[in-house]
Amino acid sequence: MSLQSSLTQAITQRAEFLANAELNNTDCFRIFHGTVEGENGLNIDRYGNAWLIQTFHQTLTEDQLEEVTSVLTKLNDLPVIYNDRAKRNSRIENNLHSEHHEFACSEQVIQENGIKFTSKLRHEGQDPLLFLDMRIGREFVIAHSQDKTVLNLFSYTCGIGTAAAMGGASRVVNVDFSSFALAAGKKNAELNDVAEVCEFIQSDAFPALRQLAGLKVGGRRGQKLPKYPKLAATQFDLVFLDPPRFAKSPFGTVDLINDYQGLFKPAMLATKDGGTIVCCNNVAKVEREAWLNSLVRCVEKQGRKVSSLEWIHCHEDFPSFDNNHPLKMVALTLA
Ligand SMILES: C[S@@+](CC[C@H](N)C(=O)[O-])C[C@H]1O[C@@H](n2cnc3c(N)ncnc32)[C@H](O)[C@@H]1O
């Protein structure tokens, strides 16, 4: 099937989704999802007043870009920004025409379920400041935050934290080591007038989490530890754990394949009895049930129980093969 036909088909399949998005004040979503819809490494999203094309494996030819642009602008006549990330480290390599460059580098305010988020399609980082597949996570948090205290670990731009505050949380603590991501998070809280319940802790997640859990802070063997903000042991009603696939820091290694427990155990200890911990794992090769079993075992080893659990599935703008989405999210309520 040609690229044009695959894209047209993806749009047709989203007719109901698109109508609902408009009704729900959502102007950011995925319109074409890579391999699952017929083109490996090609994602196309709407981010507010723009279309964003991203390639991760193969650069689009001029003709392909024209084809895609003509289908997108027929649906909505918006600027089309192309970020080619097919080369080293997913870095954006291509130049844009000057009028598009200025637009892509300027701050936009986008909306999801009526919540405002800041977005930039080109900036010092790589991603446009809001991960769209996490919409369902934000919706879960909105529905479960009324009068709750919420800990948002690996918060990035605090999409989850902002959603929690909008859902009526009494206190939201966002933790990330990126000052750039937290600055966008503060902006998000301000855009929605919820800054007074939100805290932004710039810290490596390991020491922050271990202190909150009442555990000793350690480091990787033989390394001198850098300074970190001091926090008192605290348990939360709702904990959201969404780490990257792999990251090394002097305090430890985030490794979602070999050591999810290294993060899950302290995160669980920072969750109140009767509270809920939402765990995310976006590594495709990690098998859903085996991962869940390892979480439950870890809870039971601490003499606690999972009293109920709920899988959280991505929306239909992120289709998957055999309904087996690489992003796994499960909410565990602890007794
Ligand atoms: C997958 S993103 C999290 C996405 C986020 N949950 C959301 O809803 O948008 C991973 C984040 O982890 C942060 N990060 C990676 N390693 C870290 C560490 N050791 N301590 C604190 N933050 C870390 C990165 O800065 C990045 O913002």
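**Exercise 1.** Which residue is the bridge partner of V150 in β10?

*Solution.* The model is predicted.
Step 1. Strand β7 covers residues 149-153 and strand β10 covers residues 236-241. The two run parallel and are joined by 4 bridges.
Step 2. Within β10, V150 has L238 as its bridge partner.

**Exercise 2.** State the strand order of the open sheet, and work out why one side of β9 and of β14 is left without a neighbour in the sheet.

*Solution.*
Step 1. The order is β9-β8-β7-β10-β13-β15-β14, which makes 7 strands with mixed pairing.
Step 2. β9 (198-202) and β14 (306-311) stand at the edges; each has a single partner strand, so one side of each lacks a neighbour in the sheet.
Step 3. On average, neighbouring strands are turned by 15 degrees against each other, direction ignored.

**Exercise 3.** Find which strands helices α9 and α10 touch.

*Solution.*
Step 1. Helix α9 (residues 261-269) packs on the sheet and touches β7, β10, β13 and β15. Its direction makes about 155 degrees with that of β13.
Step 2. Helix α10 (residues 288-301) also packs on the sheet, touching β13, β14 and β15. The direction of α10 makes about 25 degrees with that of β15.

**Exercise 4.** Sort the residues of helix α2 named below into buried and exposed.

*Solution.*
Step 1. Buried means under 20% relative accessible area, exposed over 50%.
Step 2. In α2 (residues 15-23), the buried residues are F17, L18 and A21. They lie on the same side of α2, because they cover an arc of only 95 degrees around the axis.
Step 3. E16, E22 and L23 are exposed on the other side.
Step 4. The cover over the buried residues includes α1, β1, α3 and α5.

Notes: Residues numbered from 1 in each chain as written. Predicted model: local features only at pLDDT ≥ 70, side-chain atom pairs only at ≥ 80, totals over all residues. Heavy atoms only, no water. Pairing = 2+ DSSP bridges. Axes fitted to C-alpha atoms, helices over the stretch in contact; angles between N-to-C directions. Contact = heavy atoms within 4.5 Å. Buried < 20%, exposed > 50% of the residue type's maximum accessible area, 1.4 Å probe, protein only. Arc of directions from axis to C-beta.
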